[in-house]
Amino acid sequence: MNLQPQVLSRDCTFSLPHTPSFNLSTEIPPSSNLTFGSSLHQRPLSLPHKLNHAPSASPAKRGVLQLVAAYSRDRESAPESPAKALRRILDLPGVHQAPACFDALSARLVERAGFQCCFTSGFSISAARLGLPDTGLISYGEMVDQGQQITQAVSIPVIGDGDNGYGNAMNVKRTVKGYIKAGFAGILLEDQVSPKACGHTKGRKVVSREEAVIRIRAAVDARKESGSDIVIVARTDSRQAVSLDEALWRSRAFSDAGADVLFIDALTSKEEMKAFCGISSPVPKMANMLEGGGKTPILNPLELEDVGYKLVAYPLSLIGVSIQAMQEALAGIRGGRIPPPGSMPSFEEVKEILGFNNYYDEEKRYSASITPLSSERYGSKGSFSGIWSRTLRVKITGRDGFEKLDVRIPAGFLDGITNIVPALGGVNIKELLNEAADEMGGKVLLDFNDTIGDRIQVFLE
């Protein structure tokens, strides 16, 4: 069996096994495009000089390379970003439903119900957090704080209601950057004047065409400056404030400015919805199914897909049923009754929803043992407890004096690798790490010459 890394390009790219453990008998299929480099924590590994891939390369060198490959693969297997997850969903066929949440609990319920993504509703957050109407009273800081609690409570991507950006173009940039830091996958920005309000209420006013487009350009610039791929949903309220033609013009302009999803609020008929979905193809279109009496016709998901929509929000369902359920429960309590069985989850169900059982299971991992401490059992020679703060440096120098590899890996990473480490140069490097864990300063763990003349060095820094 050929144990050598397969060179796929001139920059020494090679791929890694897709298995949870690594050993020297593992073949390396062409799949993951790993490249070596000296800045392991900041960019892909990129080797300045080709590694020697001759068949005579020693098992020690192959072990070193697979160790580095294992660490790089571990880093690259991190979950995808929220924005990338949302973009992947938008690329899937069909229309995607996104109920609007207003706090961490409602977001968690959306995820538990099986939805792939959700919105935050400024209307509902203003109601739940402030007990006030959505008339521009809630602030940027309050929305970001609420949003961060929501995004941290779920693993599905969340699109945040960014209102009108809370000011001019510079405010829009700050808003976008703040929403990125809060963990949002997308941000919805509208063209209303300040103070803004719910799009289905009376008296809507919008800014000029120029200012509306500038807001979207500022959002795109903020995304670029942040190195993010947050999805920008551009909303116009000009259908109600001006006309359908104005709303269609602005939507096209938003698309040209770099918006990822387009949204005209308060369309009044299925014909208007079709006209909207017919512009700026293939930019995804969003529908807003305002429950309980909005201006837009309520269509089911299949009808919305047939019209041409990709994304549909349900802004009031959760806050609406919550209000009614609380009112009914309070009326019962005032009359001397508690909510009857079936009208609310059991206490055990509530605990499950909130994660009590998961908490108890995880807590067991950190339970202190009542067994007396033993230096034999817990001493430095058998523990990796102090290793994670140390760095393992792997260096390979060719016989011509050129540096072939120089990378740094958290030493504690080796705690999860069982097969590859003991094979390095016939020495159990884990044992060497344990012995050196309490030593201050640097220490040479391995230093030997390969059969082809390359010098292999492993340091603990």
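**Nonpolar patch**

Analyst: L105, L109, L354, F356, Y359 and Y360 make a nonpolar surface patch of about 560 Å². This is a predicted model: local features need pLDDT of at least 70, side-chain atom pairs count only at pLDDT 80 or more, and totals for chains, interfaces and linings use all residues. Residues are numbered from 1 along each chain as its sequence is written, and side-chain values use heavy atoms, without hydrogens and water.

User: What are patches made of?

Analyst: Residues with over 30% relative accessible area and no salt bridge; like charges are joined within 9 Å, nonpolar side chains (Val, Leu, Ile, Met, Phe, Trp, Tyr) within 5 Å. A salt bridge is a side-chain nitrogen of Lys or Arg within 4 Å of a carboxyl oxygen of Asp or Glu. Areas come from the Shrake-Rupley method with a 1.4 Å probe, and for residues only the protein chains shown count as cover.

User: Which helix gives the largest share of the nonpolar patch?

Analyst: Helices are DSSP runs (H or I, at least four residues), numbered from the N terminus. Here α14 gives the largest share, three residues. Both α3 (104–112) and α14 (356–364) supply at least two.

User: Is L109 buried, exposed or partly exposed?

Analyst: Buried means under 20% relative accessible area, exposed over 50%, partly exposed in between (1.4 Å probe, protein chains only). L109 lies in α3. L109 is partly exposed because its relative accessibility is 39%.

User: What does K351 contact?

Analyst: Contact means heavy atoms within 4.5 Å. Beyond neighbours within four places in sequence, K351 touches F356 and N357. K351 sits in α13 (residues 347–354). At 15% relative accessibility, K351 counts as buried.
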